[in-house]
Structure formats: C-alpha cells, structure tokens
Amino acid sequence: MKKVIWIIILIAISVAAVSWFMPKPLGDGEIKEVVLVQANLNYGAQDSKLEYVHFIPDRIIKCLNKYKEQPTFLRHNGYAMKDVQLRILIRTDEGTKDIIIGKVTYSQKGTGPSYRILDREKFIEEIFNVCGYN
C-alpha cells in the first residue's frame, strides 16, 4: 500500500513539474492594459537611457497575444540601460509584467523567475515594427 501511495505522489509531482514548464501565452491569459513602452534610441552607448515612446495599445496587445513564453530557473534583478532596446510594461489578469528586449530578451513579473520568449527573433522583428522602432 505504501508503494502505491509513493507512486501516486511521484506521478503528481512529475505532472506538476511538466505542466509548470509548458509554454503559456505571453499575456498570462488576458492583457488588460499596455502601461508603457520605452525605447533606447542609443542602444549600446554608455550614456543611453530608456525614453517613453508613443504606442498604439491595441496593436501591441495583438502582437503579444501571438507569442508564448516558458519559465526558466533564472531571475533577473534589474538591467543596465545600455543593454535594453525596448521595454514594455503590461497589466494582465495576474498583475504587471515587464517585457525586456535587448542583450537578453525575457519577460518577468515583479517577483519570481523570468520567462524565455519563444520564437524570439520573429517576436523581436514584429514588436519592433508594431512599436515603430528601427
């Protein structure tokens, strides 16, 4: 009887681990709002900084909803401005989420692990076009 219980526990843990690493929508279900978009017009320069840019929320939401993300074991604790080309802050069903595109491309909620954006190159090309960033 104890073996059966242990097997059930191991199966449950395995299913939970696999489901945690399954790709999920980048917008955590529903994107409520695009809070801000910032671009670095001097990307890579030592004195570069992120500047607020005009954006069309519906186009950004439509683009973000096409892509998926996957959890990683990494957690990013900030970034250097010169290493970020574009930053998008969104509000979802689960809270706010930062999408960082640059030297490293990822998304992250306020706490917890970062998420790898799947189909990264296609995503970057499309989001740059949507945001008018060349």
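Visitor: Before we start, how many bridges must DSSP find between two strands for them to pair?

Guide: Two strands are taken as a pair if DSSP finds at least two bridges between them. Please bear in mind that the model is predicted.

Visitor: Then how many bridges join β2 to β5?

Guide: Seven bridges join β2 to β5, and the two strands run antiparallel. Within this pair, Val34 has Ile90 of β5 as its bridge partner.

Visitor: And what about β2 with β3, how many bridges there?

Guide: β2 and β3 are joined by two bridges and also run antiparallel. Here Ala39 stands opposite Glu51 in β3.

Visitor: What is the strand order of the whole sheet?

Guide: The sheet is open and has eight strands, in the order β1-β4-β8-β7-β6-β5-β2-β3, with antiparallel pairing. β1 (24-25) and β3 (51-52) each have a single partner strand, so one side of each is left without a neighbour in the sheet.

Visitor: How is β6 joined to β7?

Guide: Four bridges connect β6 (residues 95-102) with β7 (residues 106-109), and these strands run antiparallel. In this pair, Ile100 stands opposite Tyr106 in β7.

Visitor: Moving to the helices, which strands does α3 lie across?

Guide: Helix α3 (residues 120-131) lies across β2 (31-39), β5 (84-92), β6 and β8 (114-117), and runs at about 100° to β6.

Visitor: At what angle do the axes of α2 and α3 cross?

Guide: Their axes cross at roughly 170° and come within 9 Å. An angle over 145 degrees counts as roughly antiparallel, and α2 is therefore roughly antiparallel to α3.

Visitor: Which residues make that contact?

Guide: α2 contributes Arg59, Ile60, Cys63 and Leu64, while α3 contributes Phe123, Glu126, Ile127, Asn129, Val130 and Cys131. By class, the residues of this contact between α2 and α3 divide into seven nonpolar, one polar and two charged.

Visitor: What about the largest nonpolar core, how many residues has it?

Guide: The largest nonpolar core has 23 residues, and those with the most contacts inside it are Ile60, Leu64, Leu86, Ile88, Ile99, Phe123 and Ile127. At least two residues of this core come from each of β2, α2 (57-64), β5, β6 and α3.

Visitor: Which of those gives the most to this core?

Guide: That is α3, which supplies six residues.

Visitor: And what does Leu64 touch?

Guide: Leaving aside residues up to four places away in sequence, Leu64 touches Leu26, Ile31, Ile90, Ile99, Phe123 and Ile127.

Visitor: A change of topic: is Val84 buried or exposed?

Guide: Val84, which lies in strand β5, has 1% relative accessibility and so counts as buried, the limit for that class being under 20%. Not counting residues up to four places away in sequence, Val84 touches Asn40, Tyr43, Leu50, Tyr79, Ile100, Ile101 and Gly102.

Visitor: By what distance are the C-alpha atoms of Val84 and Gly29 separated?

Guide: Those C-alpha atoms are separated by 26 Å, with Val84 and Gly29 standing 55 residues apart along the chain.

Visitor: One more residue: where does Asp119 lie?

Guide: Asp119 lies in the loop between β8 and α3. Asp119 counts as partly exposed because its relative accessibility is 48%, and that class lies between 20% and 50%. Asp119 and Lys68 are 51 residues apart along the chain, and their C-alpha atoms are separated by 8.1 Å.

How values were computed
Residues are numbered from 1 along each chain as its sequence is written. This is a predicted model: local features need pLDDT of at least 70, side-chain atom pairs count only at pLDDT 80 or more; totals for chains, interfaces and linings use all residues. Side-chain values use heavy atoms; hydrogens and water are left out. Contact means heavy atoms within 4.5 Å. Axes are lines fitted to C-alpha atoms, for helices over the stretch in contact, and angles run from 0 to 180 degrees between N-to-C directions. A nonpolar core is a set of buried Ala, Val, Leu, Ile, Met, Phe, Trp, Tyr and Cys residues joined through side-chain atoms within 4.5 Å. Buried means under 20% relative accessible area, exposed over 50%, partly exposed in between (1.4 Å probe, protein chains only). Angles under 35 degrees count as roughly parallel, over 145 as roughly antiparallel, 65 to 115 as roughly perpendicular and the rest as oblique. Ala, Val, Leu, Ile, Met, Phe, Trp, Tyr, Cys and Pro count as nonpolar, Asp, Glu, Lys and Arg as charged, and the others, Gly among them, as polar.
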